[in-house]
Amino acid sequence: MAELGSKGVTAGKIASNVQKKLTRAQEKVLQKLGKADETKDEQFEQCVQNFNKQLSEGTRLQKDLRTYLASVKAMHEASKKLTECLQEVYEPDWPGRDDTNKIAENNDLLWTDFHQKLVDQALLTMDTYLGQFPDIKSRIAKRGRKLVDYDSARHHFEALQTAKKKDETKIAKAEEELVKAQKVFEEMNVDLQEELPSLWNSRVGFYVNTFQSIAGLEENFHKEMSKLNQNLHDVLLGLDKQYSGNAFPVKAQPRKKTKLFARLRKKMSSDSTPAKANKSPSPPPDGSPITSPETKTVNHELEPSTLEAPGASIPKSPSQSSLPAVVVETFPAAVNGTVEGGASSERADMPPGFLFKVQAMHDYTATDTDELQLKAGDVVLVIPFENPEEQDEGWLMGVKESDWIQHKELDQCRGVFPENFTERVQ
């Protein structure tokens, strides 16, 4: 009998819940069709929007924090393998072996401690912060259902009151259900009206504490790691001094493309006769005349003796294609013995297309005719390749500053050189 009674109660509750769902669904349909008014609370709706925004931001922060922790763990593993590699290659008779082992051990401890503190002071706090959202979200949804129940009870009571044939018993029962529905709704509504703004305002303090903790942990970690790195640097410096005669040679990156000037010479050798100079220059592309008193035009025939090697050509820019044999020399005007325009920028004295300066940090022995021979300390003026496709990775085109100052000639002085042998200075 007890089982039957229990089943009867359960069946009755299920039937009641089904009836409530049907009633709510019907009420929502009537409200959407405009046949029943809906109780609105704009202030509460704003609180719900803030809640959803706060939940979304917190969820993203939690996800990104977990990604950050995964990256820290990955860096720990990578750092551990790197120090293990150092320990393996560090031979027993080298000075500082015990120090490197101790540094590797402390390195591992620092990473482990950093990761654990991030979990304790950031991730667990983040989890606690987000832990309160599911319950509040559930209560907001329940409050919405109770509001529909209240509206439904109100409409039912109003319909019985306005009916032509009134049934006082039904009216009294409907009024009782209305009062009950209103009480349940208002209790939930009041609680949420107090909690949601408070939760929204708490986000500021939470974000401040979370990121302050992360920043403080990172600061201490990098400070201690910097000390370890300095110790390792000193140990390796001592090793380097003891074996200074076995310095690691700096090598240039291999060139894969056909040598630039070799192609130019090959192209020139295919011409049967040297180009002849025009008697007068063509006007510049913009149409302006070449009549300045400061400009002297000198015509030269290109004889084979003037080239770098038999068959070599002097590369021309596209704007010079119409003047194959004309050399235009421009001299600045002098006023009272002073060169006019002497205060112009340094780039005016640089080769065409000048990009920047580099200084050779190591000697480099050229292995081909189109390469520059460098000594440590040489300053090179870097210029672009006429054809960008000619440039190999890790190589630059330039002219040594001393050669440029002396000759002002690119064709005889320029060449390619390995970038990793130099350091940019300007």
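At 26% relative accessibility, Arg97 counts as partly exposed, where buried means under 20% relative accessible area, exposed over 50%, and partly exposed in between, computed with a 1.4 Å probe on protein chains only. This residue belongs to a predicted model, in which local features need pLDDT of at least 70 and side-chain atom pairs count only at pLDDT 80 or more, while totals for chains, interfaces and linings use all residues. Residues are numbered from 1 along each chain as its sequence is written, and side-chain values use heavy atoms, with hydrogens and water left out. The protein has seven helices and nine strands, which are DSSP runs numbered from the N terminus (helices are H or I with at least four residues, strands are E with at least two).

**The protein as a whole**

- Of the 426 residues in the protein, 28% are buried.
- Among contacts between residues at least 6 apart in sequence, 74% join residues at least 24 apart, a contact being heavy atoms within 4.5 Å.

**Helix α3 and Arg97**

- Helix α3 covers residues 97-131, and its 35 residues reach 50 Å from the first C-alpha to the last, close to the 51 Å expected at 1.5 Å a residue; the expected span is 1.5 Å times one less than the number of residues.
- A kink of about 35° is centred on Val119 in α3, the bend at a residue being the angle between axes fitted to the seven residues ending there and the seven starting there.
- Arg97 has its place in helix α3, and when neighbours within four places in sequence are left aside, Arg97 is in contact with Gln87, Tyr90, Glu91 and Pro92.
- The C-alpha atoms of Arg97 and Leu86, which are eleven residues apart along the chain, are separated by 9.8 Å.

**Asp149 in helix α4**

- Asp149 is placed in helix α4, which covers residues 133-162, and with 19% relative accessibility Asp149 counts as buried.
- Leaving aside neighbours within four places in sequence, Asp149 is in contact with Arg24 and Ala181.

**The five-stranded sheet**

- An open sheet of five strands has the order β8-β7-β6-β5-β9, with antiparallel pairing; two strands pair if DSSP finds at least two bridges between them.
- Because β8 (415-418) and β9 (422-424) stand at the edges with a single partner strand each, one side of each is left without a neighbour in the sheet.
- On average, neighbouring strands of this sheet are turned by 50° against each other, direction ignored, with axes being lines fitted to C-alpha atoms (for helices over the stretch in contact) and angles running from 0 to 180 degrees between N-to-C directions.
- Strand β5 (residues 356-360) is joined by four bridges to strand β6 (residues 379-383), and the two run antiparallel; the bridge partner of Lys357 in β6 is Leu381.
- Four bridges also pair β6 with β7 in the antiparallel sense, and the bridge partner of Ile383 in β7 is Met397.
- Strands β7 and β8 likewise pair in the antiparallel sense over four bridges, where Leu396 has Phe417 as its bridge partner in β8.

**Burial along strand β7**

- Strand β7 (residues 395-400) is mostly covered, since six of its six residues are buried.
- In a regular strand the side chains alternate between the two faces of the sheet.
- In β7, Trp395, Met397 and Val399 point one way and Leu396, Gly398 and Lys400 the other way, and all are buried.

- Asp349 has its place in the loop between β4 (338-339) and β5, and touches Trp404 and Lys408 when residues up to four places away in sequence are not counted.
- The C-alpha atoms of Asp349 and Ile405 are separated by 8.7 Å, although these residues are 56 residues apart along the chain.
- Lys408 lies in the loop between α7 (401-407) and β8, and at 45% relative accessibility Lys408 counts as partly exposed.
- Most residues other than glycine have a negative phi.
- Lys408 has a positive phi of about 55° although it is not a glycine.

**Cysteines**

- The count of disulfides comes to zero under the rule that a disulfide is a pair of cysteine sulfur atoms within 2.5 Å.
- Cys47, at 11% relative accessibility, counts as buried, whereas Cys85, at 41%, counts as partly exposed.
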